Amino acid sequence: MKRILLILTLALPLFAFSQRQDSIPFVGATKIIIKNDKSAEDNYQLAAKTLLDQNYTIEKSDKEFHQLYSGSVKVFGEGTTRWVSLYVLSRDGSITIVGRAKRTEQLQLINVPKDTDNFETLPYKKNLLLKNIFAQTTAFAKSIGGKIIYSE
């Protein structure tokens, strides 16, 4: 019994870092969570309005599950260009935003569909391109307002 308790006590710090959250961007962060006191429907409407106000288009939306996919915008950095699309999930009391990217070369290949399914989630890192992609996502989050939390 003592051994089990010892093992659990030693393992608890590992569990704490598995879903790290912070109020500033950290290496490995993939999403931004905005905390507020609105319903899922109100957050969905707010996110859709803010996307349109920030000159994004809404490529896909699912009103039942409160999900939005923005159209693509170009982000430049370190000799590479990526197309960035935002995925927004609205829930009661929070909005989750994930910046997703794809290489521009993928759009130029023959028979590659030009839809949101080819995007990949890129974590925040300290290189210029990924900082720019995350800055684009953060700018959208700040325009919504509320308490911002960065998460894995």
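Predicted model: local features only at pLDDT ≥ 70, side-chain atom pairs only at ≥ 80, totals over all residues.
Trainee: What is the pattern of the chain along the sequence?

Mentor: Reading along the sequence gives α-β-β-α-β-β-β-β-β-α-β-α-β. The chain has 4 helices and 9 strands. Of its 152 residues, 38% count as buried.

Trainee: Which residues have the most contacts inside the largest nonpolar core?

Mentor: That core has 21 residues, and those with the most contacts inside it are Ile34, Leu68, Val88, Ile97, Phe140 and Tyr150. Two or more residues come from each of strand E2 (31-35), helix H2 (40-53), strand E6 (80-91), strand E7 (94-103), helix H4 (128-144) and strand E9 (147-151). Another core, of 7 residues, lies apart from it and includes Val75, Leu122, Leu130 and Ile133. In soluble globular proteins, nonpolar side chains tend to be buried together.

Trainee: Why is Phe140 called buried?

Mentor: Its relative accessibility is 1%, and the term buried applies under 20%. Phe140 therefore counts as buried.

Trainee: What makes the pair of Tyr56 and Phe140 edge-to-face?

Mentor: The angle of the planes decides this, and the cut-off for edge-to-face is over 60 degrees. The planes of Tyr56 and Phe140 stand at 75 degrees, so the pair is edge-to-face. To count as a pair in the first place, ring centres must lie within 6.5 Å, and these two centres are 6.1 Å apart. Tyr56 lies in the loop between H2 and strand E3 (58-62) and Phe140 in helix H4, so the pair ties together parts that are 84 residues apart in sequence. Tyr56 is buried too, with a relative accessible area of 7%.

Trainee: How many aromatic pairs does a search of the whole structure find?

Mentor: The search finds 4 aromatic pairs. Ring pairs also link Tyr124, Phe134 and Tyr150 into a cluster.

Trainee: How do you know that Lys60 lies over the face of Tyr69?

Mentor: One part of the test is distance: NZ of Lys must be within 6 Å of the ring centre. Lys60 is at 5.8 Å from the ring centre of Tyr69 and lies over its face.

Trainee: Why is the contact of Glu120 with Arg82 called a salt bridge?

Mentor: A salt bridge needs a side-chain nitrogen of Lys or Arg within 4 Å of a carboxyl oxygen of Asp or Glu. In Glu120 and Arg82 the closest N and O atoms are 3.8 Å apart, and the two form a salt bridge. Glu120 lies in strand E8 (residues 120-121) and Arg82 in strand E6, so the pair ties together parts that are 38 residues apart in sequence.

Trainee: Are Glu120 and Arg82 buried, exposed or partly exposed?

Mentor: Glu120 has 34% relative accessibility, so Glu120 counts as partly exposed, a class that runs between 20% and 50%. Arg82 has a relative accessible area of 9% and is therefore buried.

Trainee: How many salt bridges are there?

Mentor: The count comes to 2 salt bridges. Lys49 forms a salt bridge with Asp53, with the closest N and O atoms 2.7 Å apart. Both residues lie in helix H2, 4 residues apart, about one turn of the helix.

Trainee: What makes Ser90 buried, and which residues does Ser90 touch?

Mentor: Ser90 is found in strand E6. Its relative accessibility is 3%, so Ser90 counts as buried. Beyond residues up to four places away in sequence, Ser90 touches Ala40, Asn43, Tyr44, Ala47, Phe65, His66 and Ile95. A polar atom of the Ser90 side chain lies 3.3 Å from the backbone nitrogen of Tyr44.

Trainee: Is Ile95 buried or exposed?

Mentor: Ile95 lies in strand E7. With 0% relative accessibility, Ile95 counts as buried. The C-alpha atoms of Ile95 and Ile34 are separated by 5.1 Å, although the residues are 61 apart along the chain.

Trainee: Why is Asn55 called exposed?

Mentor: Exposed requires over 50%, and Asn55 has a relative accessible area of 70%, so Asn55 is exposed. Asn55 has its place in the loop between H2 and E3. Its phi is near 65 degrees, a positive value in a residue other than glycine.

Trainee: Is His66 buried or exposed?

Mentor: At 16% relative accessibility, His66 counts as buried. His66 lies in the loop between E3 and strand E4 (67-70). Phi of His66 is near 60 degrees, again a positive value in a residue other than glycine.

Definitions and conventions
Residues numbered from 1 in each chain as written. Heavy atoms only, no water. Core = buried A, V, L, I, M, F, W, Y, C linked by side-chain atoms within 4.5 Å. Buried < 20%, exposed > 50% of the residue type's maximum accessible area, 1.4 Å probe, protein only. Polar contact = N/O pair within 3.5 Å; in protein donor to acceptor, adjacent residues only side chain to side chain. Contact = heavy atoms within 4.5 Å. Phe/Tyr/Trp six-rings, centres within 6.5 Å; stacked < 30°, edge-to-face > 60°. Lys NZ or Arg CZ within 6 Å of the ring centre and 35° of its normal.
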